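Reader: I am new to this structure and would like to know what stands behind the terms used for it. Please take me through them.

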Amino acid sequence: PADTADEMYALANSYIKRTRAIAHEYVWLPEDEQCVVSTVPLQLKVSYPWGGYEGGYRFKNPIRGRMFLNNYNVPAITNGWIKINCLHEAYPGHHVQHVRSITDPIPETMKIGSKNVPLHEGTCLRTERAFEFVYAEDPFYPLFVAYRRHHTSVRIKVDLWLRYFGKTIGEAVDLYVEELGFDRNTARLQVQAHINDIGYFTSYYYGMKKLCEWEKLYGYDKKSFTQLLFSVGGVSLE
């Protein structure tokens, strides 16, 4: 991790320049769009351990969004988390989805679909591995991507624990500490996210798994499949 929040944001800004340049090669985006890096919104500091994304005002140009990192949890936000957030939350991730939902000539129902979570989160989880070449100088980044995939599978287990098997918040926190090596504060923040969004975190892994199966089954290359995923708006996997 960085020593201070300012250093963390400086690293994020340097990485996001790279991911933005690559995204513009793979997906159509207006040249004046922008994703800024910012502090975590105060109401989210206890449920977003690492970071997240907020889209900007839909009817204002140029189109802007912001990727935030949790400045209250700097010691837990390692270099790997900073790098992966710049892909997942920004380019080609949620920010690209936000921009395309505004600019693409598709029906409004496809822009604000209520069943879009597996597609949107699955797409951004795919991005973390599909675009790991952006950090080619870092031999450990692919290992972090594998760790992150394991993280998303553990989140399925925690959702089931909390909502179906009757496990306690404390037991869920313990699982994150033991299975992924989280410090207890970060584990508690992650569990709070589960409490706030029932079942949401189950969608990341199965959405990604289904999309990657189709990518292979139908013979898409990386670029054409990426273009497709960011051009359909918010629809269900069905």
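Author: The model is predicted. The buried residues of helix α2 are Gly80, Trp81, Ile82, Lys83, Ile84, Asn85, Cys86, Leu87, His88, Glu89 and Ala90.

Reader: What makes α2 mostly covered?

Author: In α2, 11 of the 12 residues are buried. Buried stands for a relative accessible area under 20%.

Reader: How do you know what α2 should span?

Author: Helix α2 covers residues 79-90, and at 1.5 Å a residue its 12 residues should span 16 Å. The end C-alpha atoms lie 16 Å apart, so the two values agree.

Reader: Why is the pair of Trp50 and Phe182 called edge-to-face?

Author: A search of the whole structure gives 16 aromatic pairs. For Trp50 and Phe182, the ring centres are 5.4 Å apart and the planes stand at 65 degrees, so the pair is edge-to-face. The limits are centres within 6.5 Å and planes over 60 degrees apart.

Reader: What does the pair of Trp50 and Phe182 tie together?

Author: Trp50 is in the loop between β1 and β2, and Phe182 is in the loop between α7 and α8, so the pair ties together parts 132 residues apart in sequence. Both Trp50 and Phe182 are buried.

Reader: Why is Leu217 called exposed?

Author: Leu217 has a relative accessible area of 59%, and exposed means over 50%, so Leu217 is exposed. Leu217 belongs to helix α9. With Tyr218, Tyr220 and Leu228, Leu217 forms a nonpolar surface patch of about 430 Å² accessible area together.

Technical notes:
Residues are numbered from 1 along each chain as its sequence is written. This is a predicted model: local features need pLDDT of at least 70, side-chain atom pairs count only at pLDDT 80 or more; totals for chains, interfaces and linings use all residues. Side-chain values use heavy atoms; hydrogens and water are left out. Patches are made of residues with over 30% relative accessible area and no salt bridge: like charges are joined within 9 Å, nonpolar side chains (Val, Leu, Ile, Met, Phe, Trp, Tyr) within 5 Å. Accessible areas come from the Shrake-Rupley method with a 1.4 Å probe; for residues, only the protein chains shown count as cover. A salt bridge is a side-chain nitrogen of Lys or Arg within 4 Å of a carboxyl oxygen of Asp or Glu. Helices (H or I, at least four residues) and strands (E, at least two) are DSSP runs, numbered from the N terminus. Buried means under 20% relative accessible area, exposed over 50%, partly exposed in between (1.4 Å probe, protein chains only). The expected span of a helix is 1.5 Å times one less than its number of residues. Rings of Phe, Tyr and Trp (its six-membered ring) pair if their centres lie within 6.5 Å; planes under 30 degrees apart count as stacked, over 60 as edge-to-face and the rest as tilted.
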